[in-house]
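User: I should like to learn how to read a helix and a ligand site in a model of this kind. Could we work through one example together?

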Amino acid sequence: MKFFADTAKIEEIRELAATGLLDGVTTNPSLIHKSGRNFLEVVQEIAQLVPGPVSAEVVALDFDEMMREAEILRRIGGNIAIKVPLTPAGLKACKALTGEGTMVNVTLCFSAAQALLAAKAGATFISPFVGRHDDVAFDGMALIADIRLIYDNYDFPTEILVASVRHPMHVVEAARIGADVMTAPPKIIHQLFKHPLTDAGVASFLKDWQATGQKI
Ligand code: E4P
């Protein structure tokens, strides 16, 4: 399973990239707003820092304007995945962009029907939002399982990118289902390392080692 960081904060990305476990980054207009940075500048920095796919979202709602924005974004680097909303115009842009060899992440997916459309439009990634689904009392993970089943039925190459991840168990459940990618805020990726028995084990081994008086 690939791990993407869901943030536009350079320091957070740098720290995660140093672990060697980071495969890509996703941004959205809200994350750009939170970063307080210029959109094009911050995406450029991220794309230089992380070799894997870096999702940058268009904000236009009509096809022509989406394509104009996508043109500016994809010039930033070969690892830019253009993020388009799951709308008719977004899927038309998806088809056109992937036809030209550009990666496309279709975002704001909330149903299996939408995921099927995105795969037919040639999406590189489909982003179902599990957390926002759970927030309104729908089962976000059931959606991931449905999409996995449908994509496998037809061998669609579109990668399932589990988004709107809110806690470590979302990551574990997505991995159980066989999602290809998950994107999570750095805080959640750091939480994945944590187990109290690991901390206790490290502390007791260290104490016993010090008692031996030896050095390596
Ligand atoms: C990433 O691609 C999505 O935009 C992001 O995961 C949405 O997360 P949120 O629902 O926590 O805003």
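User: Which residues are buried in helix 8?

Analyst: The model is a predicted one. In helix 8, the buried residues are Gly140, Met141, Leu143, Ile144, Ile147, Arg148 and Tyr151. Viewed down the helix axis, the buried residues fall within an arc of 150°, so they line one face of helix 8. An α-helix has 3.6 residues a turn, so residues three or four places apart point the same way. On the other side of helix 8, Leu149 and Asn153 are exposed.

User: What covers the buried residues of helix 8?

Analyst: The cover includes strand 5 (103-109), strand 6 (125-128) and strand 7 (159-162), together with helix 6 (112-120), helix 7 (130-135) and helix 9 (168-177).

User: How should the length and the ends of helix 8 be read?

Analyst: Helix 8 has 15 residues (140-154), and at 1.5 Å a residue these should span 21 Å; the end C-alpha atoms are 22 Å apart, which agrees. At the start of the helix, a side-chain oxygen of Asp139 comes to within 3.1 Å of the backbone nitrogen of Met141. Just after the helix, Asp155 has a positive phi of about 55°.

User: Which residues surround the ligand?

Analyst: Among them are Asp6, Thr26, Lys83, Arg132, Ser164 and Thr183. A polar side-chain atom of Asp6 is 2.6 Å from a ligand oxygen atom. For Lys83, a side-chain N or O atom lies 2.7 Å from an oxygen atom of the ligand, and the distance given for Ser164 is 2.7 Å, again from a side-chain N or O atom to a ligand oxygen. Of the 340 Å² of accessible area that the ligand has on its own, the protein covers 85%.

Notes. Residues are numbered from 1 along each chain as its sequence is written. This is a predicted model: local features need pLDDT of at least 70, side-chain atom pairs count only at pLDDT 80 or more; totals for chains, interfaces and linings use all residues. Side-chain values use heavy atoms; hydrogens and water are left out. Helices (H or I, at least four residues) and strands (E, at least two) are DSSP runs, numbered from the N terminus. The expected span of a helix is 1.5 Å times one less than its number of residues. Buried means under 20% relative accessible area, exposed over 50%, partly exposed in between (1.4 Å probe, protein chains only). The arc is that of the directions from the helix axis to the C-beta atoms. Contact means heavy atoms within 4.5 Å. A polar contact is a pair of N or O atoms within 3.5 Å; within protein, one must be able to donate a hydrogen and the other to accept it, and residues adjacent in sequence count only if both atoms are side-chain atoms. A residue is near a molecule or strand if one of its heavy atoms lies within 4 Å of it. Accessible areas come from the Shrake-Rupley method with a 1.4 Å probe; for residues, only the protein chains shown count as cover.
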